[in-house]
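Take a walk through this structure with the text below as a guide. Keep the sequence at hand.

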Amino acid sequence: MASALMRTRALRSALSRAYASLAIGSDLVSAAPGVALQKARSWDEGVSSKFSTTPLKDIFKGKKVVIFGLPGAFTGVCSTQHVPSYKNNIDKFKAKGIDSVICVAVNDPYALNGWAEKLQAKEAIEFYGDFDGSFHKSLDLDLDLSGALLGHRSQRWSAYVVDGNVKALNVEKVPSEFKVSGGDVILDQI
């Protein structure tokens with residue numbers, strides 16, 4: 001009974017927070033001051049880079065970027081639909097002048113690296129770990145999925161960002177849905 005109550009509360013929380021405070025026209029870099037992400041990598045790559053992080057300005061400033069966030073590596077919809085919708089359209093993104101397509105999740109960079117390799121998507125998509133959720137919290141795109149035994153995660157979302165400014169933003173109403181955050185949708189918004 002207690003676990004059913006927790007799942008109900010998590011779902012209510014997801015439904016009440018279906019839309020982020022981040023909006024079209026927002027400066028993504030300013031919205032998450034001091035936040036840096038960790039590029040997906042092996043443990044040895046982490047050691048050799050002294051566990052470096054990448055500041056948001058290095059990811060977004062002066063670039064056209066498509067970014068999408070998802071609840072987590074190795075999860076159902078994320079693995080079978082979300083990432084493939086971007087991987088399968090990478091040539092179309094490049095043809096539209098997109099400098100990079102980025103996947104970000106509240107995971108460590110090592111789990112993301114293994115997942116990207118399993119999906120054979122590492123050459124097409126840049127994967128970044130938001131290991132402590134600070135990026136998603138700053139953008140109000142975080143979500144408590146403890147009821148599904150996932151803990152604090154990201155909502156399922158996508159954005160088209162030019163020089164740090166959000167030009168298009170799509171946030172799913174609940175993380176199990178895949179209606180507005182896929183590669184085909186954002187392609188039409190570029």
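Predicted model: local features only at pLDDT ≥ 70, side-chain atom pairs only at ≥ 80, totals over all residues.

Residues are numbered from 1 along each chain as its sequence is written, and side-chain values use heavy atoms, without hydrogens and water.

Start with the largest nonpolar core, which has 25 residues. A nonpolar core is a set of buried Ala, Val, Leu, Ile, Met, Phe, Trp, Tyr and Cys residues joined through side-chain atoms within 4.5 Å. Buried means under 20% relative accessible area, exposed over 50%, and partly exposed in between (1.4 Å probe, protein chains only). Val83, Val101, Trp115, Ile125 and Phe127 touch the most other members. Helix α5 is one of the elements that each supply at least two residues of this core. A second, separate core has 23 residues, including Leu22 and Trp157.

Now look at α5 itself, residues 76–87. Helices are DSSP runs of H or I, at least four residues long, and strands are runs of E, at least two, both numbered from the N terminus. Among the buried residues of α5 are Cys78, His82 and Val83.

Threonine 53 sits in the loop between α3 and β2. Its relative accessibility is 41%, so threonine 53 counts as partly exposed. Beyond four places in sequence, threonine 53 touches Ala36, Leu37 and Gln38; contact means heavy atoms within 4.5 Å. Phenylalanine 127 is also in contact with Gln38.

Finally, valine 47 lies in helix α3. Valine 47 is partly exposed, at 42% relative accessible area.

Methods
Expected span 1.5 Å × (residues − 1).
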